[in-house]
Amino acid sequence: GASIAPALGGLKNFFSSYEPHTVQLIITLPALFILLTTFFQGFLLGHWSKRKLLLTGIVLYILGGTAGGFASYLPEMLIYRAILGIAVGLIMPAALSLISESYQNEERKKMMGLSSSVSNIGGLTRTLLAGFLAGFSWRYAFAVYLLALPVWYLIFRNIQDKAVFTVSLEAQKKTLFPKKAYFFGICAMVL
């Protein structure tokens with residue numbers, strides 16, 4: 001979500017009929033939807049392969065990200081940003097899970113570190129590119145989400161579907177937290 005932060009000035013001017021803090025939701029709203037989506041990740045992984053989650057997440061990332069450049073109304077923009085958050089919520093845990101199951105011990109640690117480094121470099125690159133593009137128009141800054149196209153292609157070509165392990169309802173109930181844990185978790189999040 002923060003990749004297009006350099007375009008925030010242009011966004012505030014374009015959506016000047018809204019309070020500035022409301023316009024800033026364009027940057028922060030994806031984080032809420034990332035969080036909400038990760039709550040359902042275990043369920044989704046029980047029904048979809050990691051490959052399908054990654055490919056679907058990247059398509060949503062590209063669509064939700066670039067669509068912001070075409071938005072004419074703030075509510076429309078916020079819907080696109082929510083889609084972007086859902087996409088990232090699908091991608092991040094599935095990618096880390098894929099690394100966890102594909103590598104062991106020291107090699108796993110190395111790959112997790114590499115993943116984190118590449119993610120940070122990617123974030124910096126997207127922000128710099130979005131800043132450059134925002135110099136022409138805030139709308140162009142949303143084109144940075146197209147950088148995910150080659151990633152989609154690489155996953156499509158190189159990662160194979162693995163069998164989805166379905167877990168029985170009884171086993172799912174045993175792995176769920178007690179209701180009190182959810183209540184206290186939500187309370188802690190609100191604080």
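At what angle do helix H5 (residues 50-67) and helix H6 (residues 74-102) pack, and how far apart are their axes? The angle is about 150°, and the axes of the two helices are 7 Å apart. That makes H5 roughly antiparallel to H6, a term for angles over 145 degrees, where those under 35 count as roughly parallel, 65 to 115 as roughly perpendicular and the rest as oblique. Axes here are lines fitted to C-alpha atoms, for helices over the stretch in contact, with angles running from 0 to 180 degrees between N-to-C directions. The crossing of H5 and H6 is left-handed, that is, the near helix is turned anticlockwise from the far one by less than a right angle, whereas clockwise would be right-handed.

The model is predicted, and local features need pLDDT of at least 70, side-chain atom pairs count only at pLDDT 80 or more, and totals for chains, interfaces and linings use all residues. Residues are numbered from 1 along each chain as its sequence is written, and side-chain values use heavy atoms, with hydrogens and water left out.

The secondary structure of the chain amounts to ten helices and zero strands, where helices (H or I, at least four residues) and strands (E, at least two) are DSSP runs numbered from the N terminus. Read from the N terminus, the order of elements is α-α-α-α-α-α-α-α-α-α. Of the 191 residues in the chain, 31% are buried. Buried means under 20% relative accessible area, exposed means over 50%, and partly exposed lies in between (1.4 Å probe, protein chains only).

The pair H5 and H6 is also joined through side chains. Glu101 and Lys50 meet in a salt bridge at 3.0 Å, N to O. Glu101 lies in helix H6 and Lys50 in helix H5, so this pair ties together parts that are 51 residues apart in sequence. A salt bridge is a side-chain nitrogen of Lys or Arg within 4 Å of a carboxyl oxygen of Asp or Glu. Side chains of opposite charge can pair when their charged atoms come close.

Helix H7 covers residues 105-134 and includes Asn105. Asn105 has a positive phi of about 45° although it is not a glycine. Its relative accessibility is 60%, so Asn105 counts as exposed. The axes of H6 and H7 come within 9 Å and cross at roughly 160°. H6 and H7 are therefore roughly antiparallel to each other, and their crossing is right-handed.

H5 has a further packing partner in helix H8 (residues 149-158), at an angle of about 165° and with the axes 10 Å apart. That makes H5 roughly antiparallel to H8. The crossing of H5 and H8 is left-handed.

Leu124 counts as exposed at 52% relative accessibility. Thr22 and Leu74 are 52 residues apart in sequence and 8.9 Å apart in space, C-alpha to C-alpha. Thr22 belongs to helix H2 (residues 20-23) and is partly exposed, with a relative accessible area of 23%.

Leu32, Leu35, Leu36, Phe39 and Phe40 make a nonpolar patch of about 470 Å². Patches are made of residues with over 30% relative accessible area and no salt bridge; like charges are joined within 9 Å, and nonpolar side chains (Val, Leu, Ile, Met, Phe, Trp, Tyr) within 5 Å. Accessible areas come from the Shrake-Rupley method with a 1.4 Å probe, and for residues only the protein chains shown count as cover. Phe40 sits in the loop between helix H3 (25-38) and helix H4 (41-45). Phe40 is exposed, with a relative accessible area of 53%.
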